[in-house]
Amino acid sequence: MSELHAETVAFVRDTMLPPALPPARQRGVTLWLRENLFSGPLNTVLTLLGLAAVWFIVSHLWPWFANSVWNASSMAECRAAVAAKAGEDATGACFGVIRERWNQFIYGFYPSALYWRPTIVFGLMLFAVAPVLFSESRGLRWAVLGFAAVASFAAAVAVGIPPRAALITGGVFVLWAALIEYAPRRALVLSLLFPFLAVWLLWGGSVWPVVSALAGFVLGGVVWRLAARLGLGLLAVALGIAATVAWWLWLGPDAAADLHAMLPVALDRVESRSFGGFLLALTIGVSGIVMSLPLGIILALARQSDMPVVKSLAVMFIEFIRGVPLITLLFVASILLNYFLPPGTNFDIILRVIIMVTLFASAYMAEVIRGGLAALPRGQYEAADSLGLDYWKAQRLIILPQALKISIPGIVGTFIGMFKDTTLVTFVGLFDPLKQMADTIRATFEWKGAYWEPYVFTGTIFFIICFAMSRYAMYLEQRLKRDHR
Amino acid sequence: MTQTDLHPSAAADPGQTAVLIERMNKWYGSFHVLRDIDLSVRKGERIVIAGPSGSGKSTLIRCINRLEEHQSGRIVVDGIELTNDLKNIDKVRSEVGMVFQHFNLFPHLTVLENCTLAPIWVRKLPRREAEETAMHFLREVRIPDQAHKYPGQLSGGQQQRVAIARSLCMRPKIMLFDEPTSALDPEMIKEVLDTMIELAESGMTMLCVTHEMGFAQAVADRVIFMNQGQIVEQNTPSEFFNNPKSERTKLFLSQILGH
């Protein structure tokens, strides 16, 4: 046969060849090792150097972890225990500081009798986000809900939740989970209400100012819808915002005071200066994340706009914010803002910081999303236009779903960066978990000299949270993949 | 020379006119892309626009649904003049379907969602009704079984047929085709052309920019030949192909049909 078709031009294949496995050296572990670690002299040397570096680091760190002491109530006691265990010159971690002071790393100076409130808020937060983040996977949604309910409830009991609050909390968890299961769209309303509930639980005080703030949003929304029905377009949005602000400034406070006089519902008040540790980092980080995404989208669209005024305002805002270090903005928030506001206004420090962090992150977010918008082929805009979709519908249904999907890695990168940047609030005197809280603990006589342990502990928690965000982004990208299935 | 004298179909009756273009000019910067275009299209008329690349034929049909803005002259589509009024533009666009060279399907939506999106959000049809319409047109283009796939899973020819179905779901009065087969493999061109021929036979007003001269001969009422932003010649297909008048047309035809 082979001689035949070597001589003739005509050839017809009568049997198709089945696919075969590659030779042994070309598959499996050997192939992987050869290709990835030892594919040439240079790569072999680099692999060996890498292994040596790993060995060097691990061999130095290992004793420190292996000789660690958890049961100690002061640095001196801890050092004695390490010496007794591993000899005079041995190094060993004093995780006793974490065991003794873990509550301050988590809650700062939040009153210890009220630790259960932030704990429950953390669980409720997962309830609020689970139906949004895992809308298409019932299994994952239930895993998150189960973890949130069990972990936060158990932790709240451990930190001493009063029985009546425990009963209410348990009921809320069960009812909310049922709502997510049977009426997922209605459950999203609860997700929107969560921030208000969280503010009340975290700061306490009367419930009515919070309800009044919520009422301001609802009023603004109603005004906007009514005005939009009259065909006022962008003016309707402005009217809605004006109605909300007017309510907050003039009518809201009085209404809240009156209602409180009639029906006092209140929790013990906790001041912002008592917040600290991861409670503070998460409060600022989560608020910033949730608010900077929509703001970033609006800024990105404004920067792409055909309207010169809108566009130049967006450009100026983005370039100004990106050109200034975050710490500058935080100083503005803590010191300068008070000069500009009318005397007597007491604008909460955490709220001020949240606003600045949000503005800062939204400028970066806008640029990330602009990249996604620019990556879409012109044809998508043209197809949307040619079907008669107006600008907002085209953006919402066609452009943004695709642009945001392209931008997921950048968006999550911004989120992670921003969450870690919340530690910078140390410069305006708030008790961030990494520096201020650790310094405060080191300032006590017992824990003088505990440098590495707090960093390792807070670093680990930051890593877990940031790594979770990064994995979620990968999951989301996989879920939204539409091309090769 | 004025085109209106040359061809028989510039009917004076405005009720029968689908598209009316009068002395329309367009520039890209200082480049004069379309020069003094006069064109009137009767309802139900099928027009093929041919010409060398860069002659302005795509720009011309993109002006009809305002994907491109013209700088002087008038364009009246289905009785509505295209001006800067956004409401009018959206109205015209919802009456005029467009099929693109590169399909431009929405990759994040299924075939069915591609077809129901505009009827639901622009025409305000109930979802159910929109889905029935969509399935009807997907059957017409013979791909109802792909309704729940994503565009990325379909071949080019299938994607283009979905794009045609997506436009038809808006029940347009006029269909514009911008080189619908130019990005397709030869094997797939036929399936798209067959769909277009069926559509032409159903009485749809069509303006097609295409190099498929066989299609022009089979269904067109009129062939328009453009060069350098101007309409150089227009005639019935048989006259146009067998008896071209202008030198440029003869050259074009000899090159396109000569191989």
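Reader: Which residues does A:Thr458 touch, leaving aside residues up to four places away in sequence?

Author: In this predicted model, A:Thr458 touches A:Phe105, A:Phe278, A:Pro433 and A:Leu434, when residues up to four places away in sequence are not counted. A:Thr458 itself lies in helix α19 of chain A.

Reader: What makes A:Thr458 buried or exposed?

Author: The relative accessible area of A:Thr458 is 0%. Buried means under 20%, so A:Thr458 is called buried.

Reader: How do you know that the side chain of A:Thr458 reaches the backbone oxygen of A:Pro454?

Author: The distance is 2.7 Å. A polar contact requires a pair of N or O atoms within 3.5 Å, and the side chain of A:Thr458 reaches the backbone oxygen of A:Pro454 at that 2.7 Å.

Reader: Why are helix α12 and helix α19 of chain A called roughly parallel?

Author: The axes of α12 (residues 277-303) and α19 (residues 452-479) of chain A come within 12 Å and cross at roughly 25 degrees. Angles under 35 degrees count as roughly parallel, and therefore α12(A) is roughly parallel to α19(A). Their crossing is right-handed.

Reader: Which residues make the contact of α12(A) with α19(A), and how are they classed?

Author: From α12(A) come A:Phe278, A:Leu282 and A:Ile289, while α19(A) supplies A:Thr458, A:Ile461, A:Phe462, A:Ile465 and A:Met469. By class, the contact has seven nonpolar, one polar and no charged residues.

Reader: Why is A:Arg303 called buried?

Author: A:Arg303 has a relative accessible area of 13%. The limit for buried is under 20%, so A:Arg303 is buried. Its place is in helix α12 of chain A.

Reader: What makes the pair A:Arg303 and A:Glu367 a polar contact?

Author: The side chains of A:Arg303 and A:Glu367 are joined at 2.8 Å, and the cut-off is within 3.5 Å. Beyond its neighbours within four places in sequence, A:Arg303 is in contact with several residues, including A:Glu367, A:Arg370, A:Lys311 and A:Glu319.

Reader: Where does A:Trp203 lie, and why does A:Trp203 count as buried?

Author: A:Trp203 is found in helix α9 (residues 184-203) of chain A. Its relative accessibility is 11%; buried means under 20%, so A:Trp203 counts as buried.

Reader: Which residues does A:Trp203 touch, not counting residues up to four places away in sequence?

Author: Among them are A:Arg117, A:Asp268, A:Ser272, A:Phe275 and A:Asp348. With A:Ser272 there is a side-chain polar contact of 2.9 Å. A:Phe275 is 72 residues apart from A:Trp203 along the chain, and their C-alpha atoms are separated by 9.3 Å.

Reader: What makes helix α6 of chain B roughly parallel to helix α7 of chain B?

Author: Helix α6 (residues 156-168) and helix α7 (residues 186-201) of chain B pack at an angle of about 20 degrees, with their axes 8 Å apart. Under 35 degrees counts as roughly parallel, so α6(B) is described as roughly parallel to α7(B). The crossing of α6(B) and α7(B) is right-handed.

Notes. Residues numbered from 1 in each chain as written. Chains lettered and ligands numbered in written order. Predicted model: local features only at pLDDT ≥ 70, side-chain atom pairs only at ≥ 80, totals over all residues. Heavy atoms only, no water. Axes fitted to C-alpha atoms, helices over the stretch in contact; angles between N-to-C directions. Helix = DSSP H or I, 4+ residues; strand = E, 2+ residues; numbered from the N terminus. Parallel < 35°, antiparallel > 145°, perpendicular 65-115°, else oblique. Left-handed = near helix turned anticlockwise from the far one by under 90°. Contact = heavy atoms within 4.5 Å. Nonpolar A, V, L, I, M, F, W, Y, C, P; charged D, E, K, R; others polar. Buried < 20%, exposed > 50% of the residue type's maximum accessible area, 1.4 Å probe, protein only. Polar contact = N/O pair within 3.5 Å; in protein donor to acceptor, adjacent residues only side chain to side chain.
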